[in-house]
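Subject: A structure for you to look at

Hi,

Here is the structure I promised to hand over.

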Amino acid sequence: MRQDEQALRQTFVQIGRLMYDKGFICASDGNISARLGPDRLLITPSGLHKGLLEPEHMLIVNLDGQVVRGGYGRSAHLKPTSELPMHLEAYRQRPDIEAVVHAHPPITVALSIAGIPMAECLIPEAIVMLGIVPTTQYATPSSEENVRAIRDLIRNHDGLVLQRHGSLTVGDSPMQAFMRLESLEQNARIGFMLAQLGVRNPLPPGEVEKLLRQREQLGWSHPGERAEFCQVCGACHPTSQPHRPTLRASDAPPTLNQTDLRELVAQVVQKTLGS
Ligand SMILES: [Zn+2]
């Protein structure tokens, strides 16, 4: 449910603090936005520390990125985040979302630099809550190139890793987009531990299928993601029954007719008695 403007401003303050306290941002990193109406977004300003936001810092922009109302009081000089074009692109591609959160979670960034993908089926909750999390091509932060890097991927995913840069998560509220960020970084932490242990042990496809049914029931699945789960995790059989592979004719064990069987028994008996 969409919050009113004052409540959203307070929510941004809370999420800014949470992101900072959890180590997902530092200095002036990170940004948050949410829909206020059909052509209005509330968005965080450029340059400020997001752990120290105040409600009057936020700006209102339209979907063309023009400032409709700046910060008020002593915050009138503030400009919207330099990542505004990325936020606008996410809303353009996803009419269903209400909020966007961008952060620089360090373990997620480290894994992307190390080339360890997060698009895997390792953790049950991550599959249900986030689905597949792809990594974009590297793009300069705050650039048009970065807008292009998220364009296709954000259409069918609720969380992206921005190569060498950070995360982009979306949701039906700022808190849901934040929780997806938190979940993404927690999964990265577990992935990092697994890398240290030298273990990569994905869930069996049948277990992934059960989780995908939960995800569908919660209304969080996206068109086309089944094919992606099939490709990435081997979960290729969306049925209500556990998958039992059917044998093709060429896979079936050879069978003997009665004549062949009698002949074989005779040969064995002869060899056994004769030896
Ligand atoms: Zn950034």
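This is a predicted model: local features need pLDDT of at least 70, side-chain atom pairs count only at pLDDT 80 or more; totals for chains, interfaces and linings use all residues.

**Helix α5**

Let's start with α5, which covers residues 144-155 and so has 12 residues by the numbering. From its first C-alpha to its last it reaches 17 Å, close to the 16 Å expected at 1.5 Å a residue. Which of its residues are buried? They are Asn146, Ala149, Ile150, Leu153 and Ile154. These residues cover an arc of only 105 degrees around the axis, which puts them on the same side of α5. Turn to the other side of α5 and you'll find Glu144, Glu145 and Asp152, which are exposed. As for what the buried residues pack against, the partners are α2 (84-93), β6 (159-162) and β7 (166-171).

**Helix α7**

Next up is α7, residues 205-217, with 13 residues. Its first and last C-alpha atoms are 19 Å apart, close to the expected 18 Å. Here the buried residues are Val208, Glu209, Leu211 and Leu212. Looking down the axis of α7, you would see them fall within an arc of 165 degrees, so they line one face of the helix. They pack against α4 (124-129) and α8 (225-233). Just after α7 comes Gly219, with a positive phi of about 75 degrees.

**Pro105**

Now find Pro105, in the loop between β5 (99-103) and α3 (106-114). Is Pro105 buried or exposed? Count the other C-beta atoms within 10 Å and you get 26; a residue with 20 or more is called buried, so Pro105 is buried. Leaving out residues up to four places away in sequence, Pro105 touches Phe24, Gly166, Ser167, Leu181, Leu184, Glu185 and Ala188. Take Ser167 from that list: along the chain it is 62 residues apart from Pro105, yet their C-alpha atoms are separated by 6.9 Å.

**Strands around β1**

Last, look at β1 (residues 31-37), which pairs with β5 in the antiparallel sense over 4 bridges. In that pairing, Ile32 has Val101 of β5 as its bridge partner. Strand β2 (residues 40-43) also runs antiparallel to β1, and 4 bridges join them. There, Ser33 stands opposite Ile43. How many residues does the hairpin between β1 and β2 go through? The hairpin joins the two strands through 2 residues.

Notes
Residues are numbered from 1 along each chain as its sequence is written. The expected span of a helix is 1.5 Å times one less than its number of residues. A residue is buried if 20 or more other C-beta atoms lie within 10 Å of its own, exposed if 12 or fewer, and partly exposed in between; C-beta atoms are placed from the backbone. The arc is that of the directions from the helix axis to the C-beta atoms. Two residues are in contact if their C-beta atoms, placed from the backbone, lie within 7 Å. Two strands pair if DSSP finds at least two bridges between them.
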